[in-house]
Amino acid sequence: MSSTDFKQDSGRSASRPPTTGDIIADRVFRGGAYAAGALVVLLLIYILWEIGFRAMPAIERYGFGFLTSAVWDPGQEKFGVLAEIWGTLYSSVLALVIAAFFGVGVAIFLTQDFLDARLAQVFRTVIEMLAAIPSVVYGLWGIYVVIPALRPVAGFLNETFGWFPMFSSSFSGPSMAPAVIVLAIMVLPTVAAISQDAFSLIPYKTKEAAFGMGTTRWEAITKVMIPTATSGIFASLVLGFGRALGETMALAMLIGNSNQISWSLFSPANTLASLLASQFPEASGIETQALMYAAIVLLVISLAVNVVGTLIMAMSSKQKVG
């Protein structure tokens, strides 16, 4: 290459000073990014304001007693969501435990060379398709498949381990158990997909270094790969938990919609989302305001989970950097 060609190439390189057009484009892009971020914050504030304004009469009337009462009686204008808060958190935690076990297991199976690459891609596609199934279809599948399949298992567990709180009630159909199973399947694609990304981002040299030190495949996975992907796995659990908290139709069809607090998996229960879905169409007056209050409670729980999850991931990242 001649010196003239080198000079021409250098003139077109990325190291040249920015032109006036580049500066303007950068400022426009930066301003658009700031505006988009501000719009998201303003949208969240607007949603909170609109729901809060409509819920204010119920907030003033019931106060914090709304959070400590398990009675929902429109006839007597007595409203409380303690049972729904319990059902929301209990079902979401149980579903997340199941989804985390199988989701992380699937991610390991598909990213750690257990399958041929083309066959692994087929499994990834199938798992991603689970996220595209409508919630109401999951609910129907739970009614006609999961509940009948659970009846003999629930009867055996109740007779054998009835002394244990989780199996103390008799199984009558819609209850916590089928709702948790279906909810876990709905959360599974989120956990599996993000966990796969976390494992895929680990440099292959990390695994090679582990093998070079004499580890077996399972030792490399459990002692090197999983700890390295912890932040990504935790992010998948946070997002999965958020999905579980807000799930509506499938739980409304399967959980039994009963305002009671119980450890038993075979007892009917209720969640905040299913309460809103089942009661809002026929609500009026103070009940509508109480439902808006319940919506605020659900929104605050979801926001708190995401904020706490983000803070934990940030602290974990700082510790790794340190």
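Guide: The model is a predicted one. Start with the whole chain. Its secondary structure comes to 13 helices and two strands. The radius of gyration is 26 Å, well over the 20 Å that the globule rule gives for 322 residues, so the chain is more spread out than a compact globule. Along the principal axes, the C-alpha atoms fill a box of roughly 90 × 55 × 35 Å. Of the 322 residues, 36% are buried. Take the contacts between residues at least 6 apart in sequence: 74% of them join residues at least 24 apart.

Now the pair. Two packed helices are described by the angle between their axes and the distance between the axes. Helix α6 covers residues 135–161, and helix α7 covers residues 176–200. Their axes come within 9 Å. They cross at roughly 130 degrees. The crossing of α6 past α7 is right-handed.

Next, the residues that meet. From α6 come Ser135, Tyr138, Trp141, Gly142, Val146, Ile147 and Leu150. On the α7 side, their partners are Ala177, Pro178, Ile181, Val182, Ile185 and Met186. By class, this contact has eleven nonpolar residues and two polar ones. Charged residues are absent from it.

Key: Residues are numbered from 1 along each chain as its sequence is written. This is a predicted model: local features need pLDDT of at least 70, side-chain atom pairs count only at pLDDT 80 or more; totals for chains, interfaces and linings use all residues. Side-chain values use heavy atoms; hydrogens and water are left out. Axes are lines fitted to C-alpha atoms, for helices over the stretch in contact, and angles run from 0 to 180 degrees between N-to-C directions. Helices (H or I, at least four residues) and strands (E, at least two) are DSSP runs, numbered from the N terminus. A crossing is left-handed if the near helix is turned anticlockwise from the far one by less than a right angle, and right-handed if clockwise. Contact means heavy atoms within 4.5 Å. Ala, Val, Leu, Ile, Met, Phe, Trp, Tyr, Cys and Pro count as nonpolar, Asp, Glu, Lys and Arg as charged, and the others, Gly among them, as polar. The radius of gyration is taken over C-alpha atoms; the globule rule is 2.2 Å times the number of residues to the power 0.38. Buried means under 20% relative accessible area, exposed over 50%, partly exposed in between (1.4 Å probe, protein chains only).
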